[in-house]
Amino acid sequence: MLAGCTPWPEEVARGYREKGIWRGQTMGALLADLARRHRDSTALIHRDRRISYTELDAWADRLAAGFAAHGVARGERVVVQLPNTPEFIAIVFGLSRIGAVPVFSLVAHRATELTHLVRLSGATGYVLPESYRGVDHLALARQLRAATDTLRTMFVLGDAADGFVALSAVEAAGDVGRVGAGIAAYEAPREPMPPAADPSDVAFFLLSGGTTALPKLIPRTHDDYVYQSELAAQVCEMSADDVYLAALPVEFNFAFGCPGVIGTLQTGGTAVLADTPNPLDCFLLVERHGVTVTAMVPSVVALWLDAAEWNDADLSSLRLVQVGGARMTREFTARIGPGLGCSLQQVFGMAEGLLCFSRPDDPAEAVLTTQGRPISPADEVLIVGPDGDPLPGGEIGELVTRGPYTLRGYYRVPEYNARAFTPDGFFHTGDLARLTPAGDLVIEGRIKEMIIRGGDKISAGEVEDHLLAHPGVTAAAVTAVPDDLLGERICAHLIVDGPAPSLAELKRAMHARGVADYKLPDAVRFVTEFPLTPLGKIDKLALAAAAASERKADV
C-alpha cells in the first residue's frame, strides 16, 4: 500500500479474504471479467453514444498502455476532473490496469481545491476538460502547474494545446489491438508495461466532505471497493435488466459505487450518464432508456417532485430511487414514492466507507423515517457517548464504525487520524445517531461543524477564512440556515470596519480567490458583535437562529 495510507491489520485482512469478502480482484481485472461475460451488452450510455462491455474493456486497455507510454507509472497519482462522461469511467479502469491511482476531483473545484489536491497527493498527472460550462480549464491548469511542484503531464479531453496531451493522443499511443485478458496480455507499445496493481493497493482516492478547510483524501482499495459496489447492488436487487441513471456527479461515491455505475456494471446492467440532474433533462433519459434505478440528494428530489406534477414524461420504468446526503422530514419522504411512482430507498453513506440502506421489504414506516441498516454483515456499528463507551439502544450518541470497506486512516494526516480513529480501528464519523428497536439507523445531527448544501458538504471554517481575506471584514462566522430546497443555505455573519460589502461583492472576491461556486455564501448579515457561549466561544446556534428568524420575517 502507498506510504501515507493505513492498511487493515494483517489478521483482519486475512479474515476478510478467508471469508470471501475480499476476492482479490482489481478494478481493471473486474472489467475484463465483465467484458467476457457480457460482451456486446450496453455498458454505458451518454447522449448518443452507446458503449458495450467489450468496447469499454478495449478502451481501458488502450488508455492503460497510452498512459504508460506517456510516463505514468505504478503508484503515481493522477487528478481526474471530468464531468459525467464515459471517459471518466474508462480512465479510472485504464489507470487501474497499470497500478496508477486516480484522485477524484469535482468539476466545480477551482484553483484553491485543485492546488490542495495536487500538493496533498503528490500528483504527477492531471486529466481535465478543455472547457466546461464557460470555465476555461486550460487556464486553470496552467495556474495549477505554476503553483505546484509535482505535476508533470496534463491530459485534456479536447483539442491539444501547448503544454497539454490530448486524450486522443493517449489512446493512439496505446492502440495496440484488443488484448482482452488484462495487463498481462499486453504487447508493449513503446516501453515494457509496468506491473499490474495488487488488489490490496489503493484503487483511487475519494474526497472527504470534511470539517477541515479542504478535503482529506480517502484511500479506497480494489478489494474494498469491488466488495462495496457488488454488495450495494445486491441489496438493491439489481440485475442485467436494470438501467441506472447517474444523475449526480459520477466522481461522488454515491453515483460511482453505491451501487452507482460500478455496481450496475457488476450485474451486467447499463449505466446512463446524465449531464445534469435537472429533471427536464433526466426525465427524457428515463423515458428514452427505460431507467429503473437512480440516486439523488434531497434538493434534487424536490426539483423532480415539483417537475413531475406538470411534466408528462413517462417515468413508469423507474422502480427504485435512492435518496441520501442530508436529513429529510417524514412529510418529505412520504411524497417521494407516490410523486415519482417508484419505491424509495433511504441511504446513509460516506465516502469513507459505511453504507446503510433501507430494504425493499422493510415496513413502510421504517423506510420513511430511518436510514436502514448496514449493507454488510461484517460492518460494525456502535453508538457511543462522549467517553467512547457504547450507549443503550435508542439513546443518541456518536456513530462509530469499522468494517471491510471503511477506511482505517486518511491519507497523510497522521495527527488527524490519531483523533478520528480508535486504537482498535473504529472510525469516529462525527454524526449523531440512534438505533431503533429493530436495529435501523436514524441520523439525528452532526457533531462536526459542517454545512450540507444540496448534498455538498462545506466547511464553515474554510468559508470564514476566505471572508476574512476581504478588506474591511474584521470578524466572520458562518452558519447553516434551513432551506426547503437545498436543505441548508450558507449564511455569513460579519463584523466590518467601514462600508459593508454587498453579497455580490463578497461572492466576486471569493470567486477571484479560486473558491468553488457551491461554497459561496447565500446570505450575509452584518452585526456589531457576536453572541458568546459561557465558555467565551462564538455562539453559532444563536447566530443561526437569528438568521433563520430574519428570513422567516422576510417571507
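Student: Where should I start? Say, strand S8: how many of its residues are buried?

Tutor: Strand S8 covers residues 153-157, and four of its five residues are buried, so the strand is largely enclosed by the rest of the structure. Keep in mind that the model is predicted.

Student: Which sense does S8 pair with S5 in, parallel or antiparallel?

Tutor: Parallel. Strand S5, residues 125-129, pairs with S8 over five bridges.

Student: Which residue stands opposite Leu-157 of S8?

Tutor: Pro-129 does.

Student: And how many bridges join S8 to S9?

Tutor: Two bridges, and those strands run parallel. Strand S9 is residues 165-166. Within this pairing, Phe-155 stands opposite Val-165 in S9.

Student: What do side chains do along a regular strand, in general?

Tutor: In a regular strand they alternate between the two faces of the sheet.

Student: New topic. Helix H5: mostly covered or mostly open?

Tutor: Mostly covered. Helix H5 spans residues 111-121, and ten of its eleven residues are buried.

Student: Which ones are buried in H5?

Tutor: Among them are Ala-111, Leu-114, Leu-117, Val-118 and Leu-120. The buried set also includes Thr-112, Glu-113, Thr-115, His-116 and Ser-121.

Student: What comes just after H5?

Tutor: Gly-122, with a positive phi of about 70°.

Student: Which other residues have a positive phi? Start with Arg-39: what is its phi?

Tutor: About 40°, although Arg-39 is not a glycine. Most residues other than glycine have a negative phi.

Student: Where is Arg-39, and is it buried or exposed?

Tutor: Arg-39 sits in the loop between helix H2 (27-38) and strand S1 (42-46). Arg-39 has a relative accessible area of 52%. The cut-off for exposed is over 50%, so Arg-39 counts as exposed.

Student: What about Arg-133: which loop is it in?

Tutor: The loop between strand S6 (131-132) and strand S7 (135-136). Arg-133 has a positive phi of about 50° and is not a glycine. Arg-133 is exposed, with a relative accessible area of 58%.

Student: Last one. Which residues does the cis peptide bond at Pro-259 join?

Tutor: Cys-258 and Pro-259, with omega of about 0°. Most peptide bonds are trans.

Student: Where does Pro-259 lie?

Tutor: In the loop between helix H9 (253-257) and helix H10 (260-266).

Terms used:
Residues are numbered from 1 along each chain as its sequence is written. This is a predicted model: local features need pLDDT of at least 70, side-chain atom pairs count only at pLDDT 80 or more; totals for chains, interfaces and linings use all residues. Side-chain values use heavy atoms; hydrogens and water are left out. Buried means under 20% relative accessible area, exposed over 50%, partly exposed in between (1.4 Å probe, protein chains only). Two strands pair if DSSP finds at least two bridges between them.
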